[in-house]
Number of protein chains: 2
Amino acid sequence: MEHPVEWITGAVTAPRGFQAAGVECGVKSRGKDLALIVSNVSATVAGMFTTNRAAAPCVRYSRHVVEAGVARAIVANSGNANAATGEEGFVDNVRMAQKVAQLLECPPAQVVTASTGIIGHRLPIERVEAGIEQAIRQLSPEGGDAAAEAIMTTDTVPKAEALRLLLPEGEVRIGGIAKGAGMIAPNLATMLCFLTTDAQISRSSLQQVLRDSVERSFHCLTIDSDTSTNDMVVILANGQSGVDVNRYLDDFELALESLCVRLAQRIARDGEGATKLVEIEVRGAPTFTQARRMAKTVAESPLVKTALFGNDPNWGRILAAMGRSGVDFDPDRAHIALQGTLVYAEGKPTTFDAAALHEQLKADMVTIHIDLQQGTEHATVWTCDLSYDYVRINAEYST
Amino acid sequence: MEHPVEWITGAVTAPRGFQAAGVECGVKSRGKDLALIVSNVSATVAGMFTTNRAAAPCVRYSRHVVEAGVARAIVANSGNANAATGEEGFVDNVRMAQKVAQLLECPPAQVVTASTGIIGHRLPIERVEAGIEQAIRQLSPEGGDAAAEAIMTTDTVPKAEALRLLLPEGEVRIGGIAKGAGMIAPNLATMLCFLTTDAQISRSSLQQVLRDSVERSFHCLTIDSDTSTNDMVVILANGQSGVDVNRYLDDFELALESLCVRLAQRIARDGEGATKLVEIEVRGAPTFTQARRMAKTVAESPLVKTALFGNDPNWGRILAAMGRSGVDFDPDRAHIALQGTLVYAEGKPTTFDAAALHEQLKADMVTIHIDLQQGTEHATVWTCDLSYDYVRINAEYST
């Protein structure tokens with residue numbers, strides 16, 4: 001990157017011209033459960049949504065907002081996904097948008113909605129509407145962290161990042177909050193990410209840089225291979241920095257990607273029952289897509305994930321996952337390294353110190369490096385281990 | 001099926017003209033670990049092998065045997081997969097075949113080899129060779145069950161089936177043994193199945209009926225989505241019944257498929273840490289492939305599997321897995337039933353008795369029926385739940 005980036009605080013309210021709030025309105029049994037993010041002026045909006053065929057009303061509605069291209073606000077509740085709720089669910093979702101629109105005096109079509117939590121239960125819409133009124137009153141340029149808290153479900157920590165990109169014409173800021181693939185039984189994993197920036201950027205460029213950033217961040221994240229009905233990543237760009245980034249799209253994209261990668265890593269580290277963050281890099285691949293496909297297959301292997309929970313340098317399970325990934329490679333040329341130690345080369349294991357490596361795998365971050373030695377592309381994927389707690393959290397009876 | 005099938009005992013030695021043995025030769029720390037299946041005359045052979053790119057020497061070797069089309073014997077050891085063992089591994093594998101060939105006075109190219117167990121460790125080939133000598137001495141027309149025992153790794157029970165198909169010209173028999181997707185850490189899941197029949201059948205028909213049978217049995221089986229380096233299904237047909245089945249291929253195929261389905265169910269029920277067998281049927285799909293794809297996605301969802309371990313009638317996770325399966329369907333038309341109780345229809349949950357269903361899910365077999373109501377095809381997939389024991393078995397450090 002030509003131009004420097006500095007990490008700052010403030011989450012989605014770090015960029016100029018944004019306010020946010022996170023309030024408790026009683027959808028969850030306790031804690032903040034309604035987040036509101038508002039741009040002081042109409043913003044350009046871009047977004048990416050779950051490909052799940054059973055997408056929730058909020059996803060279907062917010063897709064239209066993104067297609068129209070302009071938004072003033074994002075409203076999100078946690079505790080209830082408003083999914084599989086029939087026609088009533090669509091009506092409730094529209095009421096969320098209408099309430100925000102009425103109070104901000106903007107069209108409902110400029111309000112992005114999001115929900116996460118239990119599915120198959122009607123949203124307590126009166127509580128949500130009361131929460132929206134409360135959130136409007138509490139909107140603040142320091143409200144970003146409260147909003148991060150209000151979208152949590154089984155997340156154990158809020159996830160927020162912000163940065164500034166120093167360009168010759170001035171600085172632009174990007175902020176983001178996310179919630180992870182945590183589930184409240186009997187629910188769904190939902191990944192939500194809301195991003196803000198004060199950059200001036202065209203709508204098509206915003207959509208393009210978002211898509212490219214997500215490809216190498218959230219699309220490289222896997223907790224348990226389940227994709228929910230409610231996933232979305234949305235970005236608002238309000239231009240309040242006065243700095244046009246269309247001349248610096250590569251820099252802006254790299255900055256946005258860095259921020260998304262940090263949020264993705266935070267989500268992986270906070271995966272249900274996770275004891276460690278696992279980073280899997282595949283190098284020497286013919287294409288990025290093939291590298292990512294192989295890395296994801298390794299990342300989603302329950303055998304690899306349980307071995308990592310047990311701190312077991314089990315290169316055999318990694319090799320087996322690589323082999324079934326559908327990516328063509330030569331097992332006799334491939335290298336596998338764990339925590340920097342080469343464990344497999346020339347078609348067989350190296351003579352590594354298994355006991356020492358077992359100790360090194362007890363770290364809270366584990367890296368798996370795979371080199372196929374047959375190309376120049378690479379991809380990095382983040383996941384976590386599979387522990388007893390994952391089973392406990394997801395097996396507890398609670399319908 | 002026009003012609004009746006009767007289930008019998010005898011495993012792979014139920015068909016005429018087959019002998020088998022299972023002996024202990026010291027590859028595993030204890031128990032039988034070498035199986036030998038021999039046809040008294042040269043048999044037609046067909047087989048299907050893992051698509052894993054890191055296939056073991058036995059897979060690469062046995063593929064050639066199947067391509068040549070004639071075999072006298074199958075030799076298999078458990079306790080060591082002879083995978084990721086470099087050039088030496090290929091030599092050891094050939095020595096296995098040569099030893100059997102020498103004692104049977106047949107070409108080594110007529111001996112199918114298979115290995116399952118730990119990977120990345122040299123096979124103790126002298127022990128295996130001594131075991132082969134012992135097995136040859138113990139060959140018996142009652143040896144099928146001993147062979148089933150000798151291919152077990154973490155399987156808790158041997159898996160064998162046999163049947164006779166009553167045709168106008170006489171009866172033909174089919175026998176089979178299998179081992180499941182059990183692993184000995186730090187190893188791989190390996191699925192092995194060896195089938196025998198005394199039917200007279202052409203080589204091309206044998207390969208065809210095997211492929212079709214596997215499509216609807218073992219290819220509908222998933223424990224944890226991992227495909228090993230050593231998987232194979234091989235069938236020997238020695239014609240000793242004197243009955244030509246080429247006129248009754250549909251009957252023969254249905255009989256073979258039934259036998260393979262029973263073995264697949266036994267494997268699922270004995271999955272690592274499994275507390276129950278789970279059968280997932282998708283009906284009303286446009287194609288079999290789409291039906292199976294959706295059923296497999298549900299079967300492989302860790303969220304669904306942990307819910308079933310917890311006896312939780314969690315239709316939401318099933319719907320979410322259906323949604324991300326890549327199969328096009330209308331969530332408002334689809335039905336989901338658990339243990340025969342309709343839990344989801346018209347885009348939302350039905351008003352079912354969750355407490356009663358929770359009790360019913362404690363059975364040792366659980367059925368999930370999905371009806372997409374958009375076609376006439378269906379597929380059934382078998383799996384098991386995901387329990388604490390799965391994590392324990394696979395996380396224990398043992399490299």
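**Exercise 1.** Determine which residues of H3(A) are buried and how they are placed around the axis.

*Solution.* Step 1: the buried residues of H3(A) are A:Ile125, A:Val128, A:Glu129, A:Gly131, A:Ile132, A:Ala135 and A:Ile136. A residue is buried if 20 or more other C-beta atoms lie within 10 Å of its own, exposed if 12 or fewer, and partly exposed in between, with C-beta atoms placed from the backbone.
Step 1: these residues lie on the same side of H3(A), because they cover an arc of only 160° around the axis; the arc is that of the directions from the helix axis to the C-beta atoms.
Step 2: A:Glu126 and A:Arg137 are exposed on the other side of H3(A).
Step 3: the cover over the buried residues of H3(A) includes strand E2 (18-23), strand E3 (34-49), strand E4 (70-80) and helix H2 (86-104) of chain A. Helices (H or I, at least four residues) and strands (E, at least two) are DSSP runs, numbered from the N terminus.

The model is predicted: local features need pLDDT of at least 70, side-chain atom pairs count only at pLDDT 80 or more, and totals for chains, interfaces and linings use all residues. Residues are numbered from 1 along each chain as its sequence is written, while chains are lettered from A and ligands numbered from 1 in the order in which they are written.

**Exercise 2.** Identify the edge strands of the open sheet of six strands in chain A.

*Solution.* Step 1: the order is E13-E12-E11-E14-E10-E15 (chain A), with mixed pairing; two strands pair if DSSP finds at least two bridges between them.
Step 1: strand E13 (348-349) and strand E15 (377-384) of chain A each have a single partner strand, so one side of each is left without a neighbour in the sheet.
Step 2: within this sheet, E11 (residues 335-338) and E12 (residues 341-345) of chain A are antiparallel over three bridges, and A:Leu338 is opposite A:Thr341 in E12(A).

Methods
Two residues are in contact if their C-beta atoms, placed from the backbone, lie within 7 Å.
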